[in-house]
Amino acid sequence: MPLRNRMRTIKVLMLGWEFPPKNTGGLGTACYGLTKGLVKNNTEITLILPYDIDNTIEKLKILSTSDIKVEWVKTILSPYMTYNDYNTRRLKYKSQIYGKDLAEEVERYTRNAIEMSKSEDFDVVHCHDWMTFKAGMGIKEFSKKSLIVHIHSTEFDRTGGNGANQYVYDIEKAGMYSSDYIIAVSNYTKNMIIRHYGIPPEKIFVVHNAVWHNNNSAKENGRLLRKNHKIVLFLGRITLQKGPDYFMYSAKKALDIEPNLLFVIAGKGDMEQYIIEKSAELGIADKVIFTGFLTESEVNSVYRMADVYVMPSVSEPFGITTLEAMNNGTPVIISRQSGVSEIVNHCLKVDFWDINQIASKIISVVRYNELKECLVENSSNEVMRFSWDTSAKRCIEVYQKCL
């Protein structure tokens with residue numbers, strides 16, 4: 001490729017559907033980290049996002065850099081939203097500007113995003129996950145610019161392989177086929193795309209996620225909860241995909257052997273009430289704490305408070321929380337059915353369904369200080385290998401193929 005193409009500033013029109021401080025999952029964290037990495041590497045970004053009506057523009061100060069231009073499409077769309085979620089939120093706001101269902105809302109977002117993009121100067125279109133794909137395809141059609149779709153999760157991940165929504169699947173497949181290139185967050189996801197969507201492997205490039213490194217990742221001691229208990233943490237959306245039910249069953253088995261444990265579930269999701277009821281049914285409700293959604297600073301605190309972090313995901317395209325826990329000096333137990341498991345070694349790996357193994361590994365970490373200290377020391381060193389700067393450079397390589 002000519003040197004002038006490799007060295008010049010690349011202008012990217014990026015379409016996303018969550019971004020800090022309004023993120024509810026790993027997608028927003030990944031988009032933010034990647035965007036910050038890109039602008040450090042000679043890339044200009046125009047970012048078009050939806051926003052929730054109960055939030056304010058002032059919260060976007062986190063994006064205030066001369067290299068990022070942010071535009072908002074008024075919408076009540078949010079990540080991981082189902083038809084029922086959409087209808088509940090629509091009734092809450094009772095406004096005529098919203099569509100009557102999720103499909104209509106996606107169409108409205110698509111129309112507005114395409115119209116906004118007509119006044120922008122860009123070299124390539126970069127779309128994050130399915131809600132932006134129709135807009136990306138429309139922008140590609142009128143602009144004649146290359147389209148890259150970034151797959152952070154598929155409908156098969158979100159439903160655990162059961163009951164995939166045909167409407168969502170069709171949009172995902174159309175976006176992948178229309179794109180010039182696909183970025184997948186792991187080889188696990190790349191294989192999912194090949195198997196379920198029939199995409200040629202040579203069209204898919206893997207760019208693993210990363211983490212922002214803490215200046216001080218030392219564990220916090222002396223917390224009230226730590227005085228009499230060993231803390232086992234689940235952090236993420238409380239949904240089928242994340243395996244909170246397997247976490248509960250593992251908690252019961254671990255408590256039968258090691259009663260000096262406290263299980264903390266941090267996050268929100270459609271299975272929350274079910275998991276609360278399940279903890280009572282199993283007779284361990286007094287050993288389980290539900291924190292609800294946590295802010296970024298609270299997340300770091302709860303990682304450091306925990307003796308072990310467990311990610312029992314049924315199907316996890318990546319799993320940034322694993323790197324976050326390692327970055328905060330917390331040993332981790334993760335599902336083999338995850339993208340992050342293909343790049344980290346200093347952790348304990350299990351099959352999500354093997355609750356006996358999960359319980360056994362929890363007990364091993366909290367009982368044997370040598371094991372815990374070995375995991376903490378080695379994982380703290382290992383996580384330093386993963387940076388958003390590296391991820392951004394891999395994306396730029398894909399951009400350059402489009403130029």
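Trainee: What share of the contacts in the protein chain with a separation of 6 or more comes from residues 24 or more positions apart?
Mentor: 70% of them. Keep in mind that this is a predicted model.

Trainee: How many helices and strands are there in the protein chain?
Mentor: The chain has 15 helices and 13 strands.

Trainee: And what percentage of the residues count as buried?
Mentor: 57%, out of 403 residues.

Trainee: Let's pick a helix. How many residues does α9 have, and how far does it reach?
Mentor: Helix α9 covers residues 244-257, which is 14 residues. From its first C-alpha to its last it reaches 20 Å. That is close to the 20 Å expected at 1.5 Å a residue.

Trainee: Which residues of α9 are buried?
Mentor: Pro244, Asp245, Phe247, Met248, Ser250, Ala251, Ala254 and Leu255. As background, an α-helix has 3.6 residues a turn, so residues three or four places apart point the same way.

Trainee: What covers those buried residues of α9?
Mentor: The cover includes four strands: β8 (230-235), β9 (261-266), β10 (288-292) and β11 (308-311). It also includes the helices α10 (272-281) and α13 (355-367).

Trainee: Stay with α13. What span should it have, and what does the model give?
Mentor: Its 13 residues should span 18 Å at 1.5 Å a residue. The end C-alpha atoms are 18 Å apart, so the two agree.

Trainee: Which of its residues are buried?
Mentor: In α13, Ile358, Ala359, Lys361, Ile362, Ile363, Val365 and Val366 are buried. Note that Lys361 is on that list.

Trainee: At what angle do α13 and α14 pack?
Mentor: About 95°, with the axes 5 Å apart. Helix α14 is residues 369-382. At that angle, α13 and α14 are therefore roughly perpendicular to each other.

Trainee: Which residues meet there?
Mentor: From α13, Ser364, Val365 and Arg367. From α14, Asn369, Leu371, Lys372 and Leu375. The contact divides into three nonpolar, two polar and two charged residues. Val365 in that contact is also buried.

Trainee: New topic. Where does Thr159 lie?
Mentor: In the loop between α6 (155-158) and α7 (166-178).

Trainee: Is Thr159 buried or exposed, and why?
Mentor: Buried, because its relative accessibility is 12% and the cut-off for buried is under 20%.

Trainee: What lies 2.9 Å from a polar atom of its side chain?
Mentor: The backbone oxygen of Glu155.

Trainee: Leaving aside neighbours within four places in sequence, what is Thr159 in contact with?
Mentor: Ala164 and Leu240.

Terms used:
Residues numbered from 1 in each chain as written. Predicted model: local features only at pLDDT ≥ 70, side-chain atom pairs only at ≥ 80, totals over all residues. Heavy atoms only, no water. Helix = DSSP H or I, 4+ residues; strand = E, 2+ residues; numbered from the N terminus. Expected span 1.5 Å × (residues − 1). Buried < 20%, exposed > 50% of the residue type's maximum accessible area, 1.4 Å probe, protein only. Contact = heavy atoms within 4.5 Å. Polar contact = N/O pair within 3.5 Å; in protein donor to acceptor, adjacent residues only side chain to side chain. Axes fitted to C-alpha atoms, helices over the stretch in contact; angles between N-to-C directions. Parallel < 35°, antiparallel > 145°, perpendicular 65-115°, else oblique. Nonpolar A, V, L, I, M, F, W, Y, C, P; charged D, E, K, R; others polar.
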